[in-house]
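Here is a short briefing to read alongside the model. Please keep the 3D view open as you go through the points.

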Amino acid sequence: MMKIVKNPPPSSWEQLTKRPALDTAFLEGTINNILSRVRNGGDQAVIQFTKQFDKVEISNLEIPLETIKSAGDQLDDELKPAIQTAAANIRKFHAAQANGLLDMETSPGVQCWRRSVPIEKVGIYIPGGTAPLFSTVLMLAIPANEAGCKEIILCSPPGTDGHIHPAILYAANITGVTRVFRVGGAQAIAAMAYGTESVPKVYKIFGPGNQYVTAAKQKVSQEGIAIDMPAGPSEVAVLADETARPDFIAADLLSQAEHGPDSQVVLVTTSETIASETASELRKQLSRLPRVQVAIKALENSLAVVVPDLETGVDFINAYAPEHLIIACKDDEIVSERIINSGSVFLGNYTPESAGDYASGTNHTLPTNGAARAYSGVSLESFQKKITYQKISAEGLVNLGPVVETMAAAELLEAHKNAVTIRLNAIKSTIS
């Protein structure tokens with residue numbers, strides 16, 4: 001059960017906030033073998049790995065378009081409209097992130113501008129093992145579609161019946177996914193990174209996965225294939241004062257603990273009472289969870305930290321840099337202004353983290369394992385490139401050219417200087 005630590009000194013914070021170790025070094029041989037075989041063997045290698053790892057025999061990788069279009073017929077009357085509502089909110093929030101054209105004159109006759117260009121081909125990986133994460137289809141395919149990506153390739157492992165869960169296919173159908181493949185694990189990452197006879201090669205790969213998927217993404221990123229961000233087990237931190245509700249906190253902590261045994265949940269509070277009552281609520285609510293054994297394992301990696309004041313609590317949170325942060329405090333918005341390291345922040349007693357996971361509109365693909373110190377979550381911009389342009393008139397070059405000549409000469413790059421000088425001489429000759 002969750003460990004309670006009272007007023008730990010800052011010198012101990014780094015050790016306290018250490019995540020469960022994700023050692024992928026032992027996977028290196030396996031991952032290298034999978035990547036190499038898929039690169040050389042294409043579809044046949046992927047089919048063989050599917051039989052080996054997913055225990056299912058398939059003869060082809062791609063899901064037919066008619067199967068994707070009819071997937072909604074297999075969903076119940078409550079789930080389909082729920083997915084549609086979530087999709088609408090996510091689309092609304094991400095569409096609003098579109099940047100206008102940046103266009104300005106930096107000096108007379110020197111025009112500079114920048115525009116956003118979609119990444120032409122992207123791949124999204126959707127786990128489908130213990131839980132079919134159709135919500136992640138919404139979180140990745142919608143911004144890709146809004147960004148204007150030409151090809152959106154989806155890979156997800158087949159079930160024992162050889163099929164992909166219909167909710168994943170339905171989400172793909174309503175979000176603009178162009179092609180769907182029943183491929184899972186590291187072999188799916190390899191297929192999208194290198195391309196096979198069936199699976200197109202993409203330029204950037206998105207999506208969560210197990211340690212094999214994570215290791216494969218890291219490996220192909222070293223070979224020039226872009227990936228969304230460093231990924232790791234899911235995590236949540238709750239910053240609470242005496243106004244928080246222990247039953248709400250416990251529910252939020254368990255919502256992350258049930259993700260996997262290597263997930264981590266942390267409570268930081270100014271109240272010893274809140275800490276102890278939350279621990280009691282955890283025991284009470286835990287017994288009612290279907291994934292109780294998973295959650296118990298995750299709670300072994302977790303802790304409650306009692307701090308003397310909110311200022312110290314904020315400092316602790318910024319040191320931890322959580323993927324998700326819930327601020328259950330009286331002055332939640334004021335407190336949130338001091339948060340500088342977090343993937344996504346949830347304010348107040350009535351904003352559960354699971355709302356962001358599914359339907360509020362923000363993205364749930366977020367930096368973990370402390371990466372929030374330097375990385376943002378997935379957004380519209382994740383699926384775009386920024387290209388800058390400049391155009392200089394003859395008058396502009398007369399004004400700016402001597403600056404460039406001076407700087408190039410100081411760096412001993414004579415050809416750089418000459419590229420300006422030859423033009424200035426030509427301009428002078430036309431004037432004279």
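This is a predicted model: local features need pLDDT of at least 70, side-chain atom pairs count only at pLDDT 80 or more; totals for chains, interfaces and linings use all residues.

Residues are numbered from 1 along each chain as its sequence is written, and side-chain values use heavy atoms, with hydrogens and water left out.

**Terms for the helix pairs**

- Helices (H or I, at least four residues) and strands (E, at least two) are DSSP runs, numbered from the N terminus.
- Axes are lines fitted to C-alpha atoms, for helices over the stretch in contact, with angles from 0 to 180 degrees between N-to-C directions.
- Angles under 35 degrees count as roughly parallel, over 145 as roughly antiparallel, 65 to 115 as roughly perpendicular, and the rest as oblique.
- A crossing is right-handed if the near helix is turned clockwise from the far one by less than a right angle, and left-handed if anticlockwise.
- Contact means heavy atoms within 4.5 Å.
- Ala, Val, Leu, Ile, Met, Phe, Trp, Tyr, Cys and Pro count as nonpolar, Asp, Glu, Lys and Arg as charged, and the others, Gly among them, as polar.

**Helix 6 and its partners**

- Helix 4 (residues 79–95) and helix 6 (residues 166–175) have axes that come within 11 Å and cross at roughly 40°, which makes helix 4 oblique to helix 6.
- Helix 4 passes helix 6 in a right-handed crossing.
- From helix 4, Leu79, Lys80, Ile83, Gln84, Ala87 and Arg91 meet Ala167, Tyr170, Ile174 and Thr175 of helix 6; by class, this contact has 6 nonpolar, 2 polar and 2 charged residues.
- The axes of helix 5 (residues 134–147) and helix 6 come within 9 Å, crossing at roughly 15°, and the two helices are therefore roughly parallel to each other.
- The crossing of helix 5 and helix 6 is right-handed too.
- Here Phe134, Val137, Leu138, Ala141, Ile142 and Asn145 of helix 5 touch Ala167, Ile168, Ala171, Ala172 and Thr175 of helix 6, a contact with 9 nonpolar, 2 polar and no charged residues.

**Helix 7 with helix 8**

- Helix 7 (residues 185–194) packs on helix 8 (residues 211–221) at about 25°, their axes 7 Å apart, which makes helix 7 roughly parallel to helix 8.
- This crossing is right-handed.
- Gly185, Ala186, Ile189, Ala193 and Tyr194 of helix 7 make the contact with Tyr212, Val213, Ala216, Lys217 and Val220 of helix 8, giving 8 nonpolar, 1 polar and 1 charged residue.

- The structure holds 1 cavity of 30 Å³ or more (on a 1 Å grid over the protein atoms alone, a set of points where a 1.4 Å probe fits but cannot get out, with lining residues having an atom within 4 Å of a point).
- Strand 13 (344–347) and helix 14 (353–358) each supply at least two residues of the lining of the largest cavity, and helix 14 gives the most, with 3 residues.
- That lining divides into 2 nonpolar, 6 polar and 2 charged residues.

Note on methods. On a 1 Å grid over the protein atoms alone, a cavity is a set of points where a 1.4 Å probe fits but cannot get out, and a pocket is an open set with protein on both sides within 12 Å along at least five of seven lines; lining residues have an atom within 4 Å of a point. Grid points are joined across faces, edges and corners, and a volume is the space filled by probe spheres set on the points.
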